[in-house]
Structures are given as C-alpha cells and as structure tokens.
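Let's take a friendly tour of how the parts of this assembly meet. Have the structure open as you read.

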Amino acid sequence: MLKKEAYINGLGCISPQQTFEGNGLPDVSDLLCPDNFFKCLEPVYKKYIDPIIARRMSRIVKMGIYASKLCLEDAGVEMPDAIITGTGLGCLDDTEKFITSMIRNDEKMLNPTPFIQSTHNTISAQIALFLKCHAYNITYAHRGLSFESALLDSLLMLKEQSSESVLLGGVDEITNISFQIIKRLGHWKNDNCNLLNISESVTKGSIAGEGSSFFLLSDKKNNSSYSKIVSLETIVNQLNVESLTKEVSAFFKKNNLNYNDVDLVLLGVNGDSKYDQLYYGLKNKVFCNNSCAYFKHLCGEYHTATSFAMWLSSVMLKNQTVPEMVKMNSFSSTQLKTILIYNHYRNINHSFIIMQAC
Amino acid sequence: MFNKVCVTGIGMVSAIGNNVQEALKSILLQKSGLGFTSYLDTIYKDEFPVGEIKLSNIELAESIGIGSSQSYTRTALLGLIAAKEAVENAVITSATDCRTGLISATSVGGMDRSEIFLKDFFADQRKGKLRNIIGHDCGDSTEKIAKYFHIKDYITTISTACSSSANAIMLGARLIKNNLLDRVVVGGTDALTVFTINGFNSLMVLDREPCRPFDETRNGINLGEGAAYLVLESERIAQQHNKKVLCEVKGYGNSCDAFHQTASSPEGKGAGLAMKKALEVAQLSTDEISYINAHGTGTPNNDLSEGNAIANVFGSRIPMFSSTKPFTGHTLGASGAIEAVLSVLSIRNNLAYPNLNFATPMKELGIVPLTKLTDTISIKNVLSNSFGFGGNNTSLVFSAC
C-alpha cells in the first residue's frame, strides 16, 4: 500500500507506568487499581515547560508537550516537518471546565481560557507553538482509530516526500466527570480487580486509562532507530471471529506475509468479557502457533491505546526482549523480528499494525 | 497517468438554504441567512445574530427518511443531509463499486446534545439521558454518515477547529492522488450550540450586528451552523463512470501560525505559508487565481492578519476576494467545506461573491474586498482560505477542468 519505509527514530511516552525516564518498562508485579481507573504517572513538567505557562495548561496538553519533547530529544531532531496527532476525546478537562462554569454562572462572566483550549487540536497546536514550528499540523479525532488515522497520514507524508521527519502522537486524558459518564454507559468495570489478571476477567466492562505516546518517524534509518512500520489497516465495522479471520487473511495477503512470519501478536485484550472474545478467537483460530501478548493491563483502555502498544512494540523490537508481564503464552521463537498489533474499540473500530525490527 | 482529483458532486445545508440550489439563489439575491435563533436555549438568543437552519431536528430527520431523530445529534443530521445531496449529485449508485472513503470533519461533534445531558448530570450525577451523550465524540456523525451510504474502505474524522473540513478535503485529495482510494466523500458538519456561543462570547468576538469582514468597523463573528460535502473521484473512475466533472481540487496547503492559541500573527505568517503551499501544489502563479474566498470572520484580528497575508502573497495584483460569512455565519468546522462548495459554484457559474456589509476600508490595509456580485469574468481558479484555533491555516485551490 505505502511502499516507502517508515522508521521510528525517537520515542516519548507518558503512561500509567514509569515510562518517561528512558524508554523501557519497569518490572511490575502487582498492578492494583483501587478506583478502576488508570492515571498517568506524570513527570516534573518544569524540565521542559515554564511553570507559569504550565499552570494554565490542562494535563493533556502538558503530557502532550512533554512526551513530544522527550521524543524529539531522543531522536535528536529539533524541528519536525509535520506534527500529526490523534485523540479520541480531546481536551476533556477544559471542555468540562467551560461547560461547568457556563451552567453554574448562567452563561455570564465566563473565563475564555478553558474554551480556547478545548478544541481537539490544542495539543498539536501547543506543541507547534512551543517549537515555533510552522509545518503541517493536523489532528484526528475518530474514536478507536484516532491514532491510526494520524499514523496513516504520517506514512502518507513520508511517501509524498513532503516530510523527512514526522512527529506523530496519540494522546487522551481521563477526568473524573468523563469517567463517571462512561461508567454509566457501561464501558468500565464495577468491581476492583488486579490488573495483571485482566486476561482472566469474566465480567463486562474494561478499565479506563490514558496516555501520551509520541514517535519521530523518518524515511531514513539511523543507528538509534527502534523499529519500522510495515503496514497499517483500519476497519469501521462490526465483526465476528469468522469475518475478522477473513480480514486478517486479506491483510496478510496484501502484505505478502504468512502467519508464521509473525514473532509476536500483541492483542488489545481489555478485560471486557463481551468484547475480548474477538481477541481470543483470533489467538486460538489463526495465531494458535504464534506467541501472543497483551498490553492494556499496563495502560488501561482509551481511544488511542494503540499508541502505547506501538511504543511498547518499538521498545521490545529494539531490546529484543518481551517482558514477562505482557506474555499470554509460552514462547518458542528465538528472534523478535515482526510484531502484529491487533486492537479493536468496542467491535466498531479495528486496526492491524505490522512493525519490524530494523 | 491519471492524477487529477475530480469534484463530481456537491451538497450543502446552511442558513442560506437547505441545498446547493437554494444557497446559490440566496447569494444571487444577496440575501443573508443571519437572524436570531429559534432552537437554542441561551440567554443570548435575542442578542447575537446567528446563521441557523430553520428546521427542527425532527424535521431534519424526516427530510432524509430517518424516523427517530432521538439517537442523532443535530451535527449528524446536518451532515447526513449535505452528504446525501453530494452523493446523489455525483450519481453514485454503489459505495462498493470502487474503493470509497469518507473523511468528515467537525469541531464540536455532538455537543448540541451533550450540553443538554450535562445540565442534568451536573445537578445529579445519576441524571441525564444517556442517549444525549453517546454521540458526543467527533467520530459519531462520521460513522452515521458512513453507515447510511455503506461506505467502508476508509473512514476518519479530522478536528482542527475552524479549518477542520478544509483539512478533510485536503486529505481526501491526497488519498486519491496516492491511489489509496478511488472515490472519497469529504467535508464537514457543525451544529450551533450554547457552548460555542458562550465560548466566542467569552472571547468578546461576537458581533451584535451582522458581521462586516474586512471593514474598518468590523466587530466580530456571527456564528452559524451547517454542513457541506464534496465527492472527489480519481480521473480514471470519473472517466470510467462517465461522470460530469464539476472542477478539480488542484492545490492544498496547511501551515501552523505558531503564534498564539487563538490570535493570528499580525503579518499572517501561517496564512501566507498555507496559500503559497497551495499555489505550489497547484503549480499556479498568483496571477492565475481569479477569486479568493477568504476566511474573513469579521474579527479585528483575523481580517487584518489575513488581509496582510493576501497582500504579501499576491503583491501588487490582488485578485477579487470576499468573505461569504455575512451570508452563512461562521459555521466553524463546516466552514471550509461550505466555502469549498461555494468555490465550486463560483467556477461553474463564473461568479465572484459580494462581501456583504462592507462600507469602510481598513486603515491598516490597502486592499478592499469585492462588494458587488460579479458574473462577467471567467473564473478559472479559486483559492479558499480556512483558519482555525491553534493557528491552523489551510488553503485550497479549485480549478476549472
């Protein structure tokens, strides 16, 4: 589909795990989540953001700027040729702040700051402002495919040769209000659970999460490249195990790959018994001879969670190790060359991403 | 080699008409769609004029054969109406006869219903009808439109404030040029909300009078609502299916002003870069542009910045330019697509639109917009500007075939 090579030459990630100091996963043995939601471990922002400016910024903007700065430093790039982000729900905190005061104050005497920071493109705009970057700047907001849409555009930018380096990010934040509302919609679990057992869950609902993961994509490989992106496919449709199998088969055919070329299948298992059957169906019927892993017990469920999966995959491919805590079955393969990420959002949005070591 | 991006269908709903023909008629009669709201529950309903579509949600739903409007946001209903007109105009009988996509844009998504939910929810967290919040996210209206037309091959949503749907058109054109799609429905939709009225009012940029873009006395925006979509097809598919090609999308450019979250730089740096990039992609020189449909919101800041950018890019030969926002109001995420449809109509009918309400040239700017409807000059290439919060600037070039 997109023949041009796309290398990941830099990473920056803020997540519920300690991921912002050096790119790697700390050992975690017990991931208890008392409130059933997963907040990011946040860095001390003043390293990159002036505290006076930071005070007016919501968490999502700070997490976006900080992770993008980490990523650019990691890649040794000062100015990207494009900034492309995906966010499912955007700047929730500022949106809620503005609506709350609008309702409480009967539409009078409102502070405009939360309103001007409420648009979905605030994060990518603030990064551009921070860098004084006049380049292409786009934000996608399409449910569980927000990050994938940003990724497709990034690959297109590299292919068109309009950019040599693209700063790509996936960002979402959780707020108390959004958590309560989405809980009423039945998306979150009612019971407290140990997150390491997410793959054994038999109850409905998932665990809410958030995160900010950034990537510096380039058409040129260098000594510090983490991985490369080989292919991407997105589907907006309800699938069952049978139709999902057909989609996977078509995707592999299009990419001239066999199932046994995949060394690790990273699945978006989120503990929701209603939706996890698609993952298990795929694991047992199609990838029964492949090593499988999962990641949402580390970051929680959110619209751009695949950006965390892509961060994790990049780290695993570079280090050539798969942490014990993500493994779903025992490993036979000795090398780690190709990873398939399969994720779906409530069986309406599905995505496949193939990444390789470089 | 086939690499033209052909426009084969257009559809639009706005304060100046429920379809393209009605909108064109309003423009020819120089009839503005601005007035006071009939549907919004806001304390400002008799204070700020808006460009509202005078149909209730039930009437909107009925017009496209949707029985129960309750699970649709106004944003989704407006989007469906405009997309339906575009798809019919392009005489598409099947969305599966070639690789067909949908790129839709919105700035506030389903906020029109979320704000109703939140009023009850804030009083008591157990209250509020859930059907009023499930369509909050930007992807909701897009997926409803995709489902209605059985579009499957690529579906996404762009949200970059007031440049959103111009960016959707740009992405659609790129996907066709790169042979990832054969056909793509592109555009955007936004409904009027109490949230946006209060937001822009808190910034003190809403005018109590009809807006006067590029006028010395300009005093802000009138908000509007609407939706517009274009059907883009590859040259190959357009020829194969014997399509009537309305015009081409020839150029596009996006640049970030990187000056301030909401204010534009005085010299319009990002705006200038976006226009230059669009001309470069279109391989056109500045004197080949017949008409510019400006962003022209009517705020002191935008019009000065955009005016300076136009003057910088075009130098001594400024094309005819005007803002059509005094007709439609500023429809936020939909404005780029609405003005794209107007740009297509400009080319098809050799029309350049009047900038209503203009009387006094701006002191700081040596250029003035077109004030009379012009139908005697051949329109070959139209440049359309859309600028948004976050300094997101997009310019598109539409060209006669």
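## Where the chains meet

Two residues count as being in contact here if their C-beta atoms, placed from the backbone, lie within 7 Å. In this predicted model, chain A brings 48 residues to the contact and chain B brings 50 residues.

On the side of chain A that touches chain B, at least two residues each come from α3 (92-104), α4 (113-116), α5 (122-131), β3 (136-140), α6 (146-159) and α7 (176-184) of chain A.

## Two domains in chain A

Chain A splits into domain 1 (6-218) and domain 2 (229-356). Taken over C-alpha atoms, the centres of domain 1 of chain A and domain 2 of chain A are 22 Å apart. Their contact draws 49 residues from domain 1 of chain A and 34 residues from domain 2 of chain A.

Which elements of chain A give two or more residues to the domain 1 side? They are β1 (6-14), α6, β4 (165-172) and β5 (211-218) of chain A. Of these, α6(A) gives the most, with six residues. The domain 1 side of this contact holds 24 nonpolar, 19 polar and six charged residues.

## A helix pair in chain B

Two packed helices are described by the angle between their axes and the distance between the axes. For helix α6 (residues 164-177) of chain B and helix α12 (residues 335-349) of chain B, the angle is about 65° and the axes are 5 Å apart.

Methods:
Residues are numbered from 1 along each chain as its sequence is written. Chains are lettered from A and ligands numbered from 1 in the order in which they are written. This is a predicted model: local features need pLDDT of at least 70, side-chain atom pairs count only at pLDDT 80 or more; totals for chains, interfaces and linings use all residues. Helices (H or I, at least four residues) and strands (E, at least two) are DSSP runs, numbered from the N terminus. Domain bounds come from an automatic or database domain assignment. Ala, Val, Leu, Ile, Met, Phe, Trp, Tyr, Cys and Pro count as nonpolar, Asp, Glu, Lys and Arg as charged, and the others, Gly among them, as polar. Axes are lines fitted to C-alpha atoms, for helices over the stretch in contact, and angles run from 0 to 180 degrees between N-to-C directions.
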